[in-house]
Amino acid sequence: MKTLRRTVLATAAALMLGTVGSAFAQDIKPRLIRFGYGLAEQSNQGRAVKMFAEQVEKASGGKMRVRAIGAAALGPDTQMQQALIGGAQEMMVGSTATLVGITKEMALWDTPFLFNNAKEADAVLDGPVGQKVMDKLQDKGLVGLVYWENGFRNLTNTKRPVTRVEDLEGIKLRVMQNPVYLDSFKLMGANAIPLPFSELFTALETKTVDGQENPFNTILSSKFFEVQKYLTVTNHVYSPWIVLVSKKWWDGLSKDEQKVLLDAARASREFERRDTREEAGRALAELKTKGMQINELPPAEVARMRDKLTRVNAMIATNVGMELWQETQTTLTRLRSGK
Ligand code: KDG
């Protein structure tokens, strides 16, 4: 009797082990996600991609793995956008400004002085207007998950402190490859030169351009202080980043896999904005210790800059559509009235 019992137990154990073994054997390989970005690994952008990757791996039990590929190793924003549309790359984060050639409504976020502060930016970007603009990407083969913060943009150059709009006259200023940025700085007398972000440091170093404009975080993490002397605080536009997925690839995911990515993206948005704002708060002091000569554009000059730049607003309103433009203005008026 004892032998029979031992035999039954041994058979049951063998079956269990066999089943367990076959369960692991049946496990599919982890789904690998190539996530490209343009800034350095040690930047607010790089830290947020790392956090997103950790969230995805944890939530999927290791079945989805994100490979973060920074410093434009997969090419500039525009090249990565095309790779996502073609299905050759799964994810990226980049500027909304470089997307206007694909989805014209993204030009809304190029509007100079659109947002007065980050609170307004979060409310509009994460609300119905931001979602409507993001939804326009789907027809072009891209899925937008969330907006991150690049931040308020400020001017640097090697020629002179910019204390009034006329000081921009003749400065060779690198701008993003975007018509609003190009027209805005031409309106202010600068010699605006569009270049991909990945070429910017070299262009500054070789004096191909005299200056550029970016948030404090980027000026710090990209070490522009090594090749730029003057920093003028203008906050002339709030610049978002957007986390993008290839629609070709996204449509092949299960609902559970899509939820893992969306939940991780939303968690990374909160992390990225907190991290970016905390770093921006101390970046100016750090840039001063790195030797930059910093000045604030006086309010009267900001007002003059604003007057000059609002001429591009008519073009933006036409490009994005009056309905979306009006909805944005109405939302901002309501936010500012505290309603
Ligand atoms: O990949 C980096 C760009 O997405 C981003 O930093 C855009 O602000 C930008 C710039 O100046 O190109």
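## Strands 4 and 10

In this predicted model, strand 4 and strand 10 (residues 238-246) run antiparallel and are joined by nine bridges. Within this pairing, Tyr147 stands opposite Ile242 of strand 10.

## Nonpolar cores

The largest nonpolar core holds 33 residues, and Met106 and Trp109 have the most contacts inside it. At least two residues of this core come from each of helix 3 (77-86), helix 4, helix 5, strand 4, strand 10, helix 12 (311-320) and helix 13 (322-336). Helix 12 gives the most, with four residues. Another core, of 27 residues, lies apart from this one; among its members are Phe52, Met64, Val146 and Val245. In soluble globular proteins, nonpolar side chains tend to be buried together.

What does Met106 contact, leaving aside its neighbours within four places in sequence? The partners are Thr96, Leu99, Val100, Val133, Met134, Leu137, Tyr147 and Ile242.

## Helix 11

Which residues of helix 11 (residues 299-309) are buried? They are Glu301, Val302, Met305 and Leu309. Seen down the axis of helix 11, the buried residues fall within an arc of 105°, so they line one face of the helix. Pro299, Ala300 and Asp307, on the other side of helix 11, are exposed. The cover over the buried residues of helix 11 includes helix 6 (179-187) and helix 12.

## Helices 12 and 13

Helix 12, part of the cover on helix 11, also packs with helix 13, at an angle of about 120° and with the axes 6 Å apart. On the helix 12 side, the contact is made by Asn313, Ile316, Ala317 and Val320, and on the helix 13 side by Met322, Leu324 and Trp325. By class, this contact has six nonpolar residues, one polar residue and no charged residues.

## Thr78

Thr78 and Pro128 are 50 residues apart in sequence, and their C-alpha atoms are 26 Å apart in space.

## The chain as a whole

The protein chain has 13 helices and eleven strands. Taken along the principal axes, its C-alpha atoms fill a box of roughly 100 × 45 × 40 Å. Of the 339 residues in the chain, 51% are buried. Among contacts between residues at least 6 apart in sequence, 75% join residues at least 24 apart.

Key
Residues are numbered from 1 along each chain as its sequence is written. This is a predicted model: local features need pLDDT of at least 70, side-chain atom pairs count only at pLDDT 80 or more; totals for chains, interfaces and linings use all residues. Side-chain values use heavy atoms; hydrogens and water are left out. Two strands pair if DSSP finds at least two bridges between them. A nonpolar core is a set of buried Ala, Val, Leu, Ile, Met, Phe, Trp, Tyr and Cys residues joined through side-chain atoms within 4.5 Å. Buried means under 20% relative accessible area, exposed over 50%, partly exposed in between (1.4 Å probe, protein chains only). Contact means heavy atoms within 4.5 Å. The arc is that of the directions from the helix axis to the C-beta atoms. Axes are lines fitted to C-alpha atoms, for helices over the stretch in contact, and angles run from 0 to 180 degrees between N-to-C directions. Ala, Val, Leu, Ile, Met, Phe, Trp, Tyr, Cys and Pro count as nonpolar, Asp, Glu, Lys and Arg as charged, and the others, Gly among them, as polar.
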